[in-house]
Amino acid sequence: MEKVLDIQNLHAAFSIQKKDYEVLHDISFSINRNETVCVVGESGCGKSVTTLCIMQLLPKNGKIQSGSIYVDGTDLTKLSKKEVRKFRGKKMGMIFQEPMTALNPLLTIGFQLRENIINHRGASKKEANAIAIEYLKKVGIANPEQRLKQYPFQLSGGLRQRVLIAMVLSAQPDLLIADEPTTALDVTIQKQVLSLLNDLKKDMNAGILFITHDLGVVAEIADRVVVLYAGRKVEEGTTHQIFKNPLHPYTIGLMNAVPNVDLDEFEIRPIPGTFPNITEKIDGCRFNPRCPHASSCPKCFETAPEMIEAEPGHFVACHLKK
Amino acid sequence: MNTEKVLIKTRKLKKYFPINKTTNLKAVEDITLQIYEGEKFGVVGESGCGKSTLGRVMLQLYPQTSGSCVYFGKSIQELNPKYIQKEINHLKTYQTKASEFYQDSVKIDQEVEQLEAQRRVLDVNGSSVDAKKYDKISKKIALKEFKSKELKKNASRQLREGSRTVGSLILCENIEEIADLFTKAEEEVKKAHECLVKLNEHQNKVYENEVLINQKQTVDASIQELEAKNELNEEEEYQLADLIATKKNVQNVDIVKLEEENKQIAPIIEDLKNQIKKHHEIEMGYRDQAFAFKGKNVLPITERTLDPAYQAKLDENYETGINLSKLTKSEMRSIRKDMQMIFQDPAASLDPRQSIGSAIEEVFAINTDMPKRVRKEKAMQLLTRVGLKREHYYSYPHALSGGQKQRVGIARAIALDPSFIVLDEAVSALDVSVQAQILQLLNDLSEEKNLTYFFITHDLGVVKHFCDRIMVMYLGNVCELADSKELFKHRLHPYTESLLDSVPRLTLQEDRKKVEILEGEVPSAMNPPQGCPFHTRCKKCMEICKSEKPEYVEAMPNHFVACHLYKKEEK
C-alpha cells in the first residue's frame, strides 16, 4: 500500500529560557492512502506538536532535532521554507479545533473557498466558484449558492466546521490533518461531522491523521490508533487491537477512566498522580510514577522500554510485555 | 427519594433576556422541579439549551423573569428576611384587590349577559337584517369576555401571592387580626435572630481561642519531632518552615488567659441558646393562634373560595422556605455562603497574580471576621482536604496543572460549608484521567459534608455514573426527568434517545448497532418553534406537535416527560 505520510524517528524540542526540553522522543508511524490514523493522549502529550511538525508550523522556540517526515515520498525536513509552502494546503490540509478562529470574519465564505481553489488548483474564478459549490454539496450543506455569499458569523459551529472541511478537501490533498475538529461541537453535531468524515474517506483518496483525546471518537472513526504519553509513543495497533486487547498500562488506565454510557455499573477509577511537566526529568519509563505495576519491576525506573511487536501490527513499549 | 427533605423548589421559573423592544431570548421556560438534600442532580443538554442559565438563576446571579425559587436549607428564623413583614402588611391589600378584581369581572359578566340578550333579539328578527350591528355586538362580547377572564386571573393571582405567607388564611374575614398575630410572631423571630447573631460571635471567639491553644501546645513537640529526624524530604521541610512561622505567631499567646476567657463565655452561650428557644416557643404560639382561624369565616371573595379543594391548594402555597427572589441584596449575599458555584475553566476563575493561599483566604476575609492566622490554618486544611499539599498555599496558579487548579476552585467553593453547589461543566475542560480524579473527590466531599450538587454537563457518560437524577433540557424546556439508571433504561423522549445515540461509544464499529443521526441544529431561542420545541428535528413528529406544547406528565413512577407520545392517563 502507498504511504501518504511516513514519520521516522522524529525528535522535537522546545527551548525555554535557553534550555532545550524534548517534547517528542523517537516518534515513528505512517499512514496509508484511504486510512484514518488517530493519535490519542492527554493534553501536553505532544499530539498537537506532531501535527505542527508535519505542517512545518512549529513556533520560533521549537525545532525538529532529528528524524524525517515523508509526505508523498518527499522529506519535508530537508525542504526550504519556500518549498514547504507548495506542500502546505496543496498536498496536506489541516482542520483546526475552533472553526471560528480558522475563518476570516471579514470575508465571505465564497471568497475564502475560491482563494484556496485558485491558489492550489490554478482554476479561474468561474471554475473556482463551481468547484466551491460542488464541495459544499459534498459536505452536506444545503443551498450552497447562498452560503457562498454569507459571512462566517452567519453560520453555526457545525456549519463552519463543514465549510472548513470543504475548503481543505477542495485542494485535493493527499493528507488531511484534523486537530480535535469536533471537540468544540455538541454531541449531536459531532456525530454529524464524524459520519460525514467517514463517508468522505472513501471518495477523497487521501490519508487522515486525526488528533483527539476522546476515546469514543477514536472508536467511531479510526482504522489504526497511536497512543502518546509525555512525548513518547507507548502503543500502536489497529482500532480492534487497541480496544479489544489494550496492552500498555496507560492505555488501560485511559479506557477505565472514561465513564462509559453503555455500562450499568461503573466505578470511577482515575489514573493516580498527574501528567508530568516537560521540564520534569523522569528516568526509565516516563509513565512509572503513575503506573500500578512499576513498583514490582525495578527495570521501569532504570531504562526506557523499547517498542516491541506483541502481535502482528500491534506495538507496545512496556517492560512487562517482553 | 420523595421522603427526603426538599432543599430547593422552583415553580414555573422563567428567564428571558431582552434583545430589543419586541424580542426576548427565551433562555429558560417554566421549569418546575424539586431538588432534595444530599442529592446529585444532573442537567444535560446541548449548548444553548439554558442549563447554565438555570443554574445561575437559581443562585440569583441573574434575576428571574417570573416564577419562584424557594430555598429550604436555612430557616426563616435564621435569616430573618425583611420581605416577610412587608408581605404581612400587604395581606389586607391582597384581599381587597382580589375582591375588587372579582367584583369588576362580575360586573362585566353582567354587561356581557345584557349584550347577549340584545344579540338574541337581533337573531330572532333575522340575522340578515342588521348584520353589521350583530358583528359589532359580537366583537364587544368577545372583548368583554376576555377582560373578565383577565380580571378573574388577576384576582386569583392576588390570592396566590397572599397565600405564600399565610396559606388559606388569606380568605378569612379577620385578616387584620391574623396579620397582627403574624407581625407579633415576626417580632419574636427578629429577637431570636438578634440572639443568634450574638451567639455566633461568641462561638467563633471560642473556636479561635481553641485553635490558638492547640497550636501553642503542640507546636514545640512537632518541631522537635521533625528536627530529630536526620534527613527531611521536601514536604517535611515545608512543614518545618510552616511550624516555625506558627510558633512566632503564637509566641505571645497566654493559654491561661484564653482558657479563662472561654470559661467566661460558656454561660453566655448557654443563656443565649435558652433565649432563642424561648422566642421560638412564643412565636409558634402566635402562629398557632393565627392558624386556629383556618377554614372559619371564609369570605366569598371569588366563586371558588368556599371550595375546600381550592383552600387546600392555597395551603400548599404556604412557604416555609426562603423565597430567594424577594430577598434584598445584602440578605442574598449572606445566603450565598450556602450556595456556591464551581466554574468550567479553572484558569479563568483564578487571578494569575494572586497566590493560591490568598485566593482561598479571601473567602474568609470577606464573609467572616476570622483573624489572619486562623484563616491561614483553615486555608491549609482545605488544601489538604481537596488533595493538594499545604505548601501549595504559597504557589501561584500558573504553577498548577488544570486538575490542580480545579481542586483550588473546589476548595474555595466548600470553604464556607455550603449546602448547595452548582457545578457548571466543572470537569468538561479536564483530561479523562484527571476528570475521574475530580469526580471521585466530589463524590467523597458530598458524602462527607452532605452536599447537594446541581451538576451541569453535556457529557452523558459522566452524568450517568455521577448523578442520582437527571434532567434533559432542550431550548429552555424540560424534556425528561428521571432517576439516572431509569433514564438510560427507558428513554421516553425522542430527544433523549437521539442524544444518547450521538454519544461516541467505546465500542467498535463492528459491535455496534446502526443508529439514526439527528439531523439539523438547535433553533434560535429568540424565535422558538410553535408547539413542541423539538418538533423541527424529531423523527416521530406528529401533527399535534407542531401546534400544541406537550404537557409535562409522569409517564412512569418518578419518570417525567414532556412529549405528545405520552398522554396523561385518565384515572
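How many residues of chain A are in contact with residues of chain B, and how many of chain B with chain A? In this predicted model, 38 residues of chain A touch 30 residues of chain B. Contact here means that the C-beta atoms of two residues, placed from the backbone, lie within 7 Å.

The largest share, seven residues, belongs to α8(A). Sorted by type, the residues on this side of chain A comprise 17 nonpolar, 14 polar and seven charged.

Now turn to chain B as a whole. Its C-alpha trace extends over about 115 × 75 × 45 Å along the principal axes. Chain B has 571 residues, and 35% of them count as buried. The chain contains 17 helices and twelve strands. Among the contacts in chain B with a separation of 6 or more, 72% join residues 24 or more positions apart.

Some of the strands of chain B form an open sheet. Four strands take part, in the order β2-β1-β4-β5, and their pairing is antiparallel. At the edges lie β2 (24–36) and β5 (322–323) of chain B, each of which pairs on one side only.

Strand β4 (residues 66–71) of chain B runs antiparallel to β5(B), and two bridges connect the pair. At B:Val70, the bridge partner in β5(B) is B:Asn323.

How values were computed:
Residues are numbered from 1 along each chain as its sequence is written. Chains are lettered from A and ligands numbered from 1 in the order in which they are written. This is a predicted model: local features need pLDDT of at least 70, side-chain atom pairs count only at pLDDT 80 or more; totals for chains, interfaces and linings use all residues. Ala, Val, Leu, Ile, Met, Phe, Trp, Tyr, Cys and Pro count as nonpolar, Asp, Glu, Lys and Arg as charged, and the others, Gly among them, as polar. Two strands pair if DSSP finds at least two bridges between them. A residue is buried if 20 or more other C-beta atoms lie within 10 Å of its own, exposed if 12 or fewer, and partly exposed in between; C-beta atoms are placed from the backbone.
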